[in-house]
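Subject: Structure for you to look at

Hello,

Below is the structure I said I would pass on. My notes on it follow.

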Amino acid sequence: MTQLWQSKNFIGLLFMLPAAAFLLLFLVYPLGLGIWLSFTDTKIGTPGKFVGLENYAWIIGDSKFQSAVFFTLFYTFVASVIKFALGLYLAILLNEKLPFKAIIRALVLIPFIVPTVLSAIAFWWIYDPQFSVISWSLKKAGLITENINFLGDAWNSRFAVIFANVWRGVPFIAISLLAGLQTVPPSLYEAAVLDGATRWQMFVKITYPLLTPIIAVVMTFSVLFTFTDFQLIKVLTNGGPAGATELMATMSYNTAILGGRIGEGAAISTAMVPFLLAAIMVSWFGLQRRKWQAGSENNE
Amino acid sequence: MSESHFTRRNVLKTGATLAGASVANMGLWAQAWAQASPFKPEKGAKLTLLRWKRFVQAEEDAFMALVANFTKATGVEVKVINESLDDVQPKASVAANTNQGPDMFWGLYSLPHLFPTKCVEVTDVASYLGKKYGGWVPTAETYGKGPAGKWIAIPVAYNGNVINFRQSMIEKAGFKEVPKDTAGFLELMKALKEKSIPGGFALGRASGDGNAWVHWALWSQGANLVDAKDQVIINSPETVKALEYIKALSDTFVPGTASWNDSFNNKAFLESQISLTNNGVSIYAAAKAGAAKGDAKAKDVMDDMNHSLWPVGPVGKPTEFHICYPLMAMKYSKNPTACKAFMAFMLEAENYNKWLEDAVAYLTHPLNAYDANPVWKTDPKLSMLRDAGRRTLTAGGLGSVGEKAASALADFVMLDMVASVCTGRASIKDAIAVAERQAKRIYR
């Protein structure tokens with residue numbers, strides 16, 4: 001027994017147990033249950049029976065599901081690319097010597113701090129077909145004669161919700177990348193200046209490569225958050241018009257909780273897992289590059 | 001009585017005395033009711049009730065007074081949780097699945113039919129109330145009874161969804177009233193767009209207003225999702241005809257209705273941006289409340305607006321779709337008899353009449369005796385709501401009102417089909433095909 005307490009492996013295992021129990025209870029069990037339910041015809045209030053891949057066969061042939069997959073990927077890709085570009089630009093700006101730097105950095109975080117539902121309600125008014133402040137301003141300026149149909153047209157509504165998501169997500173990326181920028185040693189820039197490098201060359205050869213590890217992590221999180229977005233769509237469009245802005249997450253909720261078809265809803269949410277795994281793999285390979293960049297001998 | 005007696009102080013004093021006497025009488029009646037009631041709550045019972053969040057403040061005030069009286073009379077504390085209309089169903093569903101949560105849920109449409117086996121049978125309460133108050137309207141029986149013909153919920157009220165219109169605006173379009181047939185109604189909508197201010201109905205995923213008008217329009221032309229045996233019949237010439245009619249109707253709408261949820265039309269109507277829409281009487285109630293506070297614009301809306309029943313289509317009978325609010329008790333509750341006592345207490349005339357009056361016609365009764373409630377006589381703009389429970393068809397249309405109908409409503413099968421056609425996202429044929437595939441899945 002004494003030997004056991006002196007074993008580093010045993011102590012290590014012991015310290016790991018609370019975290020493992022937490023993960024098993026709140027991550028592995030719900031995920032496993034969700035996957036199991038996706039193979040059953042469970043409905044609310046009635047235990048289901050095993051139906052194999054029947055739910056998957058159904059959703060794959062469902063045009064509404066296909067539309068939801070398309071828009072989830074489109075939403076995630078477009079919003080993430082824009083968020084990255086704007087976030088990086090903002091981070092570089094905030095890294096410069098600015099008056100009231102601390103206050104400006106704090107202000108930039110506001111869209112991220114505001115509860116999603118509140119910002120969704122604000123956008124709801126901004127995009128209102130009758131009372132939109134944008135339409136009102138453009139009409140007053142004589143640029144348009146009729147209100148813009150922000151949420152009533154399929155493509156308008158898609159870009160409108162993407163804009164709202166970008167507005168919310170940029171601060172997270174900007175502040176995270178700013179933290180990364182501050183770890184870049186100033187001596188590298190000084191050396192580059194002495195070598196006659198332009199600002200663009202400094203960005204491409206110093207800033208970007210050294211930021212890559214944090215970009216990988218931040219963008220992975222950003223992609224995961226965007227892919228699993230729910231509140232913004234639920235409040236702004238509820239998936240409408242006619243399913244044009246339906247995401248896999250909202251469709252899963254509507255099917256399982258509102259429609260009562262838990263098995264089918266679970267299949268929709270399980271279908272999100274491969275895409276999420278792909279995003280994690282990107283992060284994994286991004287992190288691998290870090291060791292190589294740092295010149296570590298361990299290049300696995 | 002001399003004039004000098006009519007001082008403000010005296011009137012207030014007399015009012016307070018009368019109110020005090022009324023409250024005292026109510027308390028005595030409630031106590032007597034509790035003693036005579038066939039539903040004796042369990043000893044030490046406490047209840048939690050989750051209800052839809054009120055749309056009319058006076059209704060909630062009357063309801064909470066009723067709850068307080070119940071507690072005084074029976075000793076049963078009732079905690080009331082308010083949730084927005086769309087959130088009641090998910091919470092009830094989770095509670096039903098996990099066998100824990102509030103003792104009672106007060107939701108909409110066929111909520112109890114999503115999990116009939118989880119609901120306490122309340123046939124005794126329904127029989128007691130039915131016998132005492134002139135019987136239930138037929139749709140109340142449909143919503144209240146579960147698969148085996150036993151009551152699984154008490155339909156407490158309907159929320160009548162009618163046409164709200166501005167008299168001056170339809171007159172400007174050359175009409176004196178809303179036509180009573182669907183062909184005439186289309187002409188009115190066209191004229192409103194051309195000569196006056198257009199109207200509009202929600203084409204977004206609006207579970208209340210959207211489902212109400214879309215089902216009316218489809219049913220009025222003979223289009224149905226399923227037949228009486230729950231066989232899917234949406235792919236029919238009637239549906240094609242109905243969608244053609246609806247598309248023509250939607251072409252007259254104010255722009256943006258494809259994004260409307262249940263509240264967009266209220267805002268637009270109150271701001272005179274639209275001339276006609278469908279809603280409960282909450283727009284009128286809001287205009288009245290604004291007018292009472294001295295808002296001249298609200299007073300104009302209140303004076304000028306009116307309500308109309310839905311036009312009848314080629315099927316030749318009303319095809320309205322009003323929301324039903326059933327109250328159900330959950331089997332996992334440790335106090336099922338206390339739940340039954342509360343249900344019975346709520347629908348007793350001494351409570352229900354006051355509550356119905358304070359809901360100012362936003363709600364309609366399911367028991368025939370309440371036709372005599374004064375609310376149906378005081379304001380001619382509201383009196384047509386009295387028959388909402390009799391005129392409405394039920395969720396599922398020709399088919400059963402069970403979990404399949406609830407699922408089809410939750411999935412917006414009909415609403416999305418209509419919205420796809422009206423927004424040009426799909427042809428009529430394709431939209432019907434998508435709806436048919438979904439319906440066959442739900443009704444398999």
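A residue is called buried if 20 or more other C-beta atoms lie within 10 Å of its own. B:Met305 has 23 other C-beta atoms within 10 Å, so it is buried. Please keep in mind throughout that this is a predicted model.

To stay with B:Met305 for a moment: this residue is found in strand β7 of chain B, which covers residues 305-308. Apart from neighbours within four places in sequence, B:Met305 is in contact with B:Asn164, B:Phe165, B:Arg166, B:Tyr284 and B:Ala287. B:Val156 is 149 residues away from B:Met305 along the chain, and the C-alpha atoms of the two are separated by 28 Å.

Chain A as a whole

Chain A has 15 helices and 0 strands. Its C-alpha atoms fill a box of roughly 85 × 70 × 30 Å along the principal axes. Of the 300 residues in chain A, 35% are buried. Taking the contacts in chain A between residues at least 6 apart in sequence, 69% join residues at least 24 apart.

The mean pLDDT of chain A is 88, and 94% of its residues reach 70 or more. Within chain A, helix α14 (residues 262-270) has the highest confidence, at 95, and helix α15 (residues 273-293) the lowest, at a mean of 72. Where pLDDT is low, the predicted coordinates should not be read in detail.

A helix pair in chain A

Helix α4 (residues 63-95) of chain A packs against helix α9 (residues 154-181) of chain A at an angle of about 40 degrees, and their axes are 6 Å apart. The two helices, α4(A) and α9(A), are therefore oblique to each other. The crossing of α4(A) past α9(A) is right-handed. In the contact of α4(A) with α9(A), 20 residues are nonpolar, 4 are polar and 2 are charged.

Backbone details in chain A

Most residues other than glycine have a negative phi, and most peptide bonds are trans. Where does chain A have a cis peptide bond? This bond joins A:Gly240 and A:Pro241, with omega at about -5 degrees. A:Pro241 is found in the loop between α12 (231-236) and α13 (248-258) of chain A. A:Ala242 also lies in the loop between α12 and α13 of chain A. A:Ala242 is not a glycine, yet has a positive phi of about 50 degrees. A:Ala242 counts as buried because 30 C-beta neighbours lie inside 10 Å.

In chain B, what is the setting of helix α19 (residues 413-422)? This helix is largely enclosed by the rest of the structure, because 10 of its 10 residues are buried. The buried residues of α19(B) include B:Val413, B:Leu415, B:Asp416 and B:Cys422. Among the elements that cover the buried residues of α19(B) are α9 (209-220), α10 (237-250), α18 (403-410) and α20 (428-442) of chain B.

The loop between α18 and α19 of chain B holds B:Phe412. B:Phe412 is not a glycine but has a positive phi of about 50 degrees. This residue, B:Phe412, is buried, with 29 other C-beta atoms within 10 Å. Following α19(B) comes B:Gly424, where phi is positive and near 80 degrees.

Where the chains touch

The contact takes 29 residues from chain A and 33 residues from chain B. On the side of chain B that touches chain A, α3 (85-98), α11 (264-270), α18, α19 and α20 of chain B each supply at least two residues. The largest share of this side comes from α3(B), with 5 residues. By class, the side of chain B that touches chain A has 12 nonpolar, 13 polar and 8 charged residues.

One more residue in chain B

Is B:Lys132 buried or partly exposed? B:Lys132 counts as partly exposed, because 14 C-beta neighbours lie inside 10 Å. B:Lys132 is found in helix α5 (residues 123-132) of chain B. B:Ala349 is 217 residues away from B:Lys132 along the chain, while the C-alpha atoms of the two are separated by 9.6 Å.

Regards

Notes. Residues numbered from 1 in each chain as written. Chains lettered and ligands numbered in written order. Predicted model: local features only at pLDDT ≥ 70, side-chain atom pairs only at ≥ 80, totals over all residues. Helix = DSSP H or I, 4+ residues; strand = E, 2+ residues; numbered from the N terminus. Buried ≥ 20, exposed ≤ 12 C-beta atoms within 10 Å, placed from the backbone. Contact = placed C-beta atoms within 7 Å. Axes fitted to C-alpha atoms, helices over the stretch in contact; angles between N-to-C directions. Parallel < 35°, antiparallel > 145°, perpendicular 65-115°, else oblique. Left-handed = near helix turned anticlockwise from the far one by under 90°. Nonpolar A, V, L, I, M, F, W, Y, C, P; charged D, E, K, R; others polar. pLDDT = per-residue confidence, 0-100.
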